[in-house]
Each structure stands twice: as structure tokens, then as C-alpha cells.
Amino acid sequence: MRKQIPWLAAVLLTMILLPASRALAWIEAGHRETALIAWEDLTPATRAKVTEILKQHPRYQKDLLDHLPANYAGDDISKFAFTAAAIWPDTVRSFNNPMHATHNHPAWHYIDIPYAIDGQPVPPAREGAAGKGPSNIVEALAKNVADLKDPAASPADQAVAICWVAHLCGDIHQPLHACTLYSPQFPTGDRGGNSFMVMRDPPYADSVKNLHFVWDSMPGEFKSVEYDAIFARGLRSDPKFSREKLKDALAVKDFAAWANESHALAIQYAYLNGKLAGGTKPSRDGPATRPAKEAAAPGLPPDYIRNGEAVAAERVVLGGYRLADLLNSIYDPKPTASSAK
């Protein structure tokens, strides 16, 4: 069992004293925390290059500097734009965003590595359409890293690629972005926990959520940029999340291996090795993908959230370190990430 984070109580107390800014969904907060951790390990040369490229983003002012605090200047603006870049692939999911039609790629955010229990067969994987580009998060990361290294790519395309690399380094470390459960209850899969219903705060029926959302919420549901910064600093300062402690994991550079890490954690901590009970709900995708039988959402076991938060904290830090190392390897390959200020 993972231990509770010792500095969390102090972080929450400090947060009470800060004024709130605009509301953010966790998915924004989690990606912002990952980017903030990465920013601290970017070398000065990498920071300068990333800042220069992001300014060429087609919606730099409207998307990446949206709600920029009035008192931000200099490096703070660059950092804010970088953290917004890590959120941008979710921003462009909105039909109202002018770049939605050309730059929204839902399949890039995850990979459905099957986890089958109780003898449930796994349906054959769907083949991606030839010439249509990446079909999952592993392929999307490779594609966008290649775009960053391509001298023929336009500055605007490179800016968009930085957004995707920063975002996907967060997504790939969320366990349920790399796992889909197949069982007699979910013969066509639970869509990464999106169809797997639980009562997050039993016995309160109004706390029913899908399991994917529960895990998206594990690093916190903070409502301000300031809170995310406090949380990120707390994670970086925790000795058990130091680069030295995570050096073996940081030696792993293969994107598929990162996804396999998340898959293993999903089995152990999200699905409790197949023993987690869940309810079902009708799928938006039509009868062919609906669960065989609907069931009420049971409560999560004691300590489920506590253990999940500890897993999520480590994954956020690891994702931040790996993002920094990846960008440094592209823009400033000689110094190590630890040489950054």
C-alpha cells in the first residue's frame, strides 16, 4: 500500500489563503501540474526555443494566453503559455474553437490495451485507416516528436506539435488512458473505465461517476493556476519523487513502455486485479457497444481513493520529468535536465 503524501495537508492549508481565478476542470489542472514540473527542468536554451515556437501558434493570444494574470511578465508569461499548451489539445475539442475541425484528434489521447477477465474474449482490434495518421497515443507521440525534429515543418505546425507532445506526456501516464476492461459485464470493453460506474463517496448516491473520471480527478480538482503551482512544487519537493528515486523509470525512453506502465497500474490500482465491482450505463456509441446488462453503481472500497492519489502523484511527476527530458533532447541535447535551474 502506498503511503499518504506528507506535505498534502500543508498544501491544502496554504491554498485556502489564495484567491481563486477562473474555474478549471481537473484535466486542465493535471496537465498544468505536469507542465509546471517539466518547466523547472527545461534548460534555459530549451525554454527560449519552446517560448519562441509557441508564439507562432495560430491561436497564441486567444488560446495559450487566455486568462493570463494581469501581473505576469517575462518568464511567467512563457511558463503560462507552456502550461496552456499542455491543455490545448483538450481546448480544441470544443466545436466552438476555429481549429476543431482540423486539429481535434480524439484517438490520439489514449491506447486501448486490453485487460480481459473471467474468460472474456477480446474482439479483434480495429485496423486504422491507411494514410489517416496515428491511431493511438503511442503513435501520436512519435508523430509529433518527429514533427518537432523536422526542419521542413512550419513554425505554426511545430507550435501545435509542442502542444500535443506536452499534452500526451500527461495523458500516457494516466493509467486508464492505456487500459480497457473486457469481462462478461463489458463484452465489448468499458472504454477505459468510461462505462464502468462507481459511487466515489459512498453511501452518497449523488457521487456516482464513471471510473475514468475518478482517475482523471486523482491529482486534484483545483480551481486556480495558483493552486496548481503549489501542488506541482509540493510534488517536486517530495523526496520520494526525486529524479534519483525515479532514475530507473527515467531511463525508459520508449513510448510503448510508458503505456505499458500505465496499463499495469490500471490493472493493479484501478481495477484491483479484476476484483473492483462496478455498475454499467448505456453507451453513447449505440447498442453494439452497450454492456450486456445494466447494474447499479457500487461504492468504492475503503482506501481506494487514497491509494489512487498516491499513484497519480507519482505519474504526474514522472510525466513532467519525461516531458522535460524529451524537449531537452530535441532543443538542447548536450546538457542534462538536472543542469536546468
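**Aromatic rings in a predicted model**

Good morning. Let me begin with a charged side chain: Lys-240 lies over the face of Phe-241, 5.1 Å from the ring centre. A second case involves arginine, for Arg-243 sits over the face of Tyr-321, at 4.6 Å from the ring centre. Please keep in mind that this is a predicted model.

I turn now to rings that pair with other rings. A pair of aromatic rings is described by the distance of the centres and the angle of the planes. How many aromatic pairs does a search of the whole structure find? The search finds eight.

Consider Trp-39 and Phe-82. Their ring centres are 5.5 Å apart and their planes stand at 40°, so this pair is tilted. Where do the two residues lie? Trp-39 belongs to helix α2, residues 26-41, and Phe-82 to helix α5, residues 75-91; the pair therefore ties together parts that are 43 residues apart in sequence. Both Trp-39 and Phe-82 are buried.

Another pair is formed by Tyr-72 and Phe-80, and its geometry is edge-to-face. Here the distance is 6.0 Å centre to centre, with 85° between the planes. Are these residues buried or partly exposed? Tyr-72 has a relative accessible area of 23% and is therefore partly exposed, since buried means under 20%. Phe-80, at 5% relative accessibility, counts as buried.

Finally, I draw your attention to a group of rings. Which residues form one aromatic cluster? They are Tyr-115, Phe-186, Phe-196 and Tyr-271.

Thank you for your attention.

Note on methods:
Residues numbered from 1 in each chain as written. Predicted model: local features only at pLDDT ≥ 70, side-chain atom pairs only at ≥ 80, totals over all residues. Heavy atoms only, no water. Phe/Tyr/Trp six-rings, centres within 6.5 Å; stacked < 30°, edge-to-face > 60°. Helix = DSSP H or I, 4+ residues; strand = E, 2+ residues; numbered from the N terminus. Buried < 20%, exposed > 50% of the residue type's maximum accessible area, 1.4 Å probe, protein only. Lys NZ or Arg CZ within 6 Å of the ring centre and 35° of its normal.
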